[in-house]
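This report describes selected local features of one protein model. The sequence and structure are shown first.

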Amino acid sequence: MTTEGVPRTACITAIAPQFLVDDVSAAIAYYREKLGFGLDFCYDSFYAGMSRDGIAVHLKCAPKSLSDRAHRKQNEHLDAYISVAGVATLHDELQARGALIIKALEARPWSCIECYVEDPDGYILCFSEPIG
C-alpha cells in the first residue's frame, strides 16, 4: 500500500505511553498489584516498562505538579484510552484488586461501556469496550 504516493515500508506495531511518576517503585507496585500488569524491565529505579495482554506503559521518575494533576482529573483528561474485550469482567477484577476507580462502569453516548481508573500519580486510564 501507499500513502500519498510513498511506498509503505514500515508498520507500527505498538505504542507505550510514558507516565512521569514521583516514585518508580511505588508506581510499579500499583500497576502490578492493582492493575495486573507485569514488569518487563526496570532501569536504576528511574525508568520501567510494564505490560498486560500486549499493552505497555513506561514509567519515568519525573514528578508532576499537584495543580496539573488536579486540573487533569477535574476535566477528565485521559492519559490512556485502552480498548478491552470483557470490560465488565476487567472492572470487577480491578475493583477486587483495590484499584482506584474514579468513574464507575457505564454506557457512554459514543456507544462504549467504560470505566476510569486513577493511578497514584494522577494518571487517568480509561478502559473501554464498544457496545454491540
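## Helix α3 and its end

G98, with a positive phi near 90°, follows helix α3. The model is predicted: local features need pLDDT of at least 70, side-chain atom pairs count only at pLDDT 80 or more, and totals for chains, interfaces and linings use all residues. Residues are numbered from 1 along each chain as its sequence is written, and side-chain values use heavy atoms, with hydrogens and water left out.

Helix α3 spans residues 87-97, and V87, L90, H91 and L94 are buried in it. These residues cover an arc of only 105° around the axis and therefore lie on the same side of α3. The arc is taken from the directions from the helix axis to the C-beta atoms. T89 and A96, on the other side of α3, are exposed. Buried means under 20% relative accessible area, exposed over 50%, and partly exposed in between (1.4 Å probe, protein chains only). Helices (H or I, at least four residues) and strands (E, at least two) are DSSP runs, numbered from the N terminus.

## Aromatic pairs

Four aromatic pairs are found in a search of the whole structure. Rings of Phe, Tyr and Trp (its six-membered ring) pair if their centres lie within 6.5 Å; planes under 30 degrees apart count as stacked, over 60 as edge-to-face and the rest as tilted. The pair F19 and Y123 is stacked, because the ring centres are 4.4 Å apart and the planes are at 15°. F19 lies in strand β3 (residues 18-21) and Y123 in the loop between β9 and β10, so the pair ties together parts 104 residues apart in sequence. Both F19 and Y123 are buried.
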